[in-house]
Amino acid sequence: MTNEELQQLVNRISLENFHKPFLHQAYFNARLRSTGGRYLLQSHHIEINPKAFEIYGVREVEGIVRHELCHYHLHLEGKGYQHRDKDFRDLLKKVNAPRFCSTLQTSTSTGKKERPLYTYRCVKCQQLYLRKIRLNVKKYCCGKCSGPLKLMQ
Ligand SMILES: [Zn+2]
Ligand SMILES: [Zn+2]
């Protein structure tokens with residue numbers, strides 16, 4: 001997914017779920033580490049972690065975008081835009097967004113024991129995919145080359 005496609009996705013989700021336009025910029029920021037995305041209070045831009053897309057796919061990015069757009073619209077309207085604010089929690093529920101800026105888990109992450117991830121490898125191009133849940137490999141294929149996926153380990 002390119003920055004341009006991300007921008008279009010954010011525009012679309014903003015109109016469809018919030019019935020308001022997104023008038024700022026959305027782009028991928030590879031320097032984001034454990035967080036899936038963030039809303040920048042000063043510039044009003046939305047940054048998305050490219051790993052969220054690589055690891056979890058577009059559905060995950062859509063959830064993150066809905067979450068960040070809750071911060072965005074409430075902030076611009078002068079309402080409670082922080083996680084603890086009632087306005088924020090109400091809007092999250094309304095648009096069915098995840099409660100937190102989702103935390104990315106990678107196989108190399110240390111610290112608390114996390115649920116085991118399923119690792120899939122594309123048979124053709126060797127691209128790795130980590131998933132929290134089991135995939136039906138008959139239904140899903142490689143996002144890069146459409147090759148078949150194989151469960152590792
Ligand atoms: Zn947040
Ligand atoms: Zn592939």
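**Figure 1. Tetrahedral arrangement around the zinc ion (ligand 2) in this predicted model.** The four donor atoms subtend angles of 102 to 116°, which makes the arrangement tetrahedral (four donors count as such if all angles lie between 85 and 135 degrees). For reference, the ideal angle for four tetrahedral donors is 109.5 degrees. The zinc ion (ligand 2) is held by the SG atoms of Cys122, Cys125, Cys142 and Cys145, at 2.2 to 2.4 Å; donors are N, O and S atoms within 2.8 Å of the metal, or 3.2 Å for Na, K and Ca, and water is not among the atoms, so sites may look incomplete. Along the chain, these donors are spaced as C-x2-C-x16-C-x2-C. Cys122 belongs to strand 4 (residues 118-122) and Cys142 to the loop between strand 5 and strand 6 (149-151), so this pair ties together parts that are 20 residues apart in sequence. Helices (H or I, at least four residues) and strands (E, at least two) are DSSP runs, numbered from the N terminus. Cys122 is buried at 0% relative accessible area, and Cys142 is buried at 2% (buried means under 20%, exposed over 50%, partly exposed in between, with a 1.4 Å probe and protein chains only).

**Figure 2. The largest pocket, between domain 1 and domain 2.** Domain 1 (3-94) and domain 2 (118-151) both give residues to the lining, so the largest pocket lies between them; the domain bounds come from an automatic or database assignment. The largest pocket holds about 790 Å³ of space. Of its 26 lining residues, Tyr56, Gly57, Val58, Arg59 and Arg131 are the closest to its centre. On a 1 Å grid over the protein atoms alone, a pocket is an open set of points with protein on both sides within 12 Å along at least five of seven lines, and lining residues have an atom within 4 Å of a point. Helix 3 gives the most to this lining, with six residues.

Figure 3. Most residues other than glycine have a negative phi. His19 is exposed at 66% relative accessibility, whereas His44 is buried at 18%.

**Notes for all views.** Residues are numbered from 1 along each chain as its sequence is written, and chains are lettered from A and ligands numbered from 1 in the order in which they are written. Local features need pLDDT of at least 70 and side-chain atom pairs 80 or more, while totals for chains, interfaces and linings use all residues; side-chain values use heavy atoms, leaving out hydrogens and water.

Conventions. 1 Å grid on protein atoms, 1.4 Å probe; cavity = no way out; pocket = protein on both sides within 12 Å on 5 of 7 lines; lining within 4 Å. Points joined across faces, edges and corners; volume = space filled by probe spheres on them. Tetrahedral: all angles 85-135°; square planar, octahedral: opposite > 155°, others 65-115°.
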